[in-house]
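Hi,

Here is the structure I promised to pass on. Have a look at it first, and then read my notes on the side-chain contacts below.

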Amino acid sequence: KKYSIGDYIVTMFSFIGLAVPSFLLALVLMYVAVVEFGQEVGGLFSEEYIQAPWSWGRVVDLMSHLWIPVIILAISGTASLIRVMRANMLDELNKPYVTTARAKGLSEFRLLMKYPVRVALNPFISTLAWLLPNLISGSIIVAIVLNLPTAGPLLLQSLMSQDMYLAGAFVLLICALTLVGSLLSDILLALADPRIRLE
């Protein structure tokens, strides 16, 4: 659906997701949560649930605080993946095998799902390898703005205090997550595309 209303909407969403800095989006969502919904923002729990034992109320409180960081990280991650998938699909749709399959009378939905989507997924799956390390290294500023007790601010604090052991442990963790992400993307590529499977 190139140049359709849906394509323009998704493209605009992806450009906004790529262009708007995550910390600015965090500030805007915090303002909306406080002014429009009267919600307490910052941290993962309200003050009365920080030291409380786990209960249904604490889980609900956690969920009410999680929606802001989830939206921020999802928008930035999804926007880049949308651009990759769209570019790959537009390349595949112009190839002769798609025209041949369409001329043979295959329905449009079945044609898309059976041929070009499967081929266009390969670069998309390859980029998934970077999502795991980005969960730690890419969310540092968002975690600081939202006052989240996650690994990002701890990594920044270790770098500022020159704690080389803690910083080295984080770098090792990010490297391990990169390797795990690469392994998972390779396995998914082998499952999605039989041409690249090892015998």
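**Salt bridges and ring contacts**

Glu-108 and Arg-102 bring their side chains together in a salt bridge, with 2.9 Å from N to O. Glu-108 is partly exposed at 39% relative accessibility, and Arg-102 is partly exposed too, at 36%. Before you go further, keep in mind that this is a predicted model.

That bridge belongs to a set: the structure holds three salt bridges. Another one joins Arg-86 to Asp-7, at 2.8 Å from N to O. This pair connects distant parts of the chain, with Arg-86 in helix α3 (residues 56-93) and Asp-7 in helix α1 (residues 5-19), 79 residues apart. How accessible are the two ends? Asp-7 has 12% relative accessibility and counts as buried, whereas Arg-86 counts as partly exposed at 23%. The cut-off for buried is under 20% relative accessible area, so Asp-7 at 12% falls below it.

Then there is Lys-95 with Glu-92, whose side chains meet in a salt bridge at 3.0 Å, N to O. Here Glu-92 is buried, with a relative accessible area of 8%, and Lys-95 is partly exposed at 34%.

On to the rings. The structure holds four aromatic pairs. One of them is Phe-45 with Trp-54: the ring centres are 5.7 Å apart and the planes sit at 75°, so this pair is edge-to-face. The angle decides that label, because planes over 60 degrees apart count as edge-to-face. Phe-45 is buried at 17% relative accessibility, while Trp-54 is exposed at 55%.

Tyr-97 and Tyr-115 make another edge-to-face pair, 6.3 Å centre to centre with 75° between the planes. Tyr-97 is in helix α4 (residues 96-103) and Tyr-115 is in the loop between α5 (108-114) and α6 (116-127), so the pair ties together parts that are 18 residues apart in sequence. Both tyrosines come out as partly exposed: Tyr-97 has a relative accessible area of 30%, and Tyr-115 has 31%.

One more thing to look at around Phe-45 and Trp-54. Which residue lies over the face of Phe-45? It is Arg-58, at 4.1 Å from the ring centre. Arg-58 also lies over the face of Trp-54, at 4.3 Å from that ring centre.

Cheers

Definitions and conventions
Residues numbered from 1 in each chain as written. Predicted model: local features only at pLDDT ≥ 70, side-chain atom pairs only at ≥ 80, totals over all residues. Heavy atoms only, no water. Phe/Tyr/Trp six-rings, centres within 6.5 Å; stacked < 30°, edge-to-face > 60°. Buried < 20%, exposed > 50% of the residue type's maximum accessible area, 1.4 Å probe, protein only. Helix = DSSP H or I, 4+ residues; strand = E, 2+ residues; numbered from the N terminus. Lys NZ or Arg CZ within 6 Å of the ring centre and 35° of its normal. Salt bridge = Lys/Arg side-chain N within 4 Å of Asp/Glu carboxyl O.
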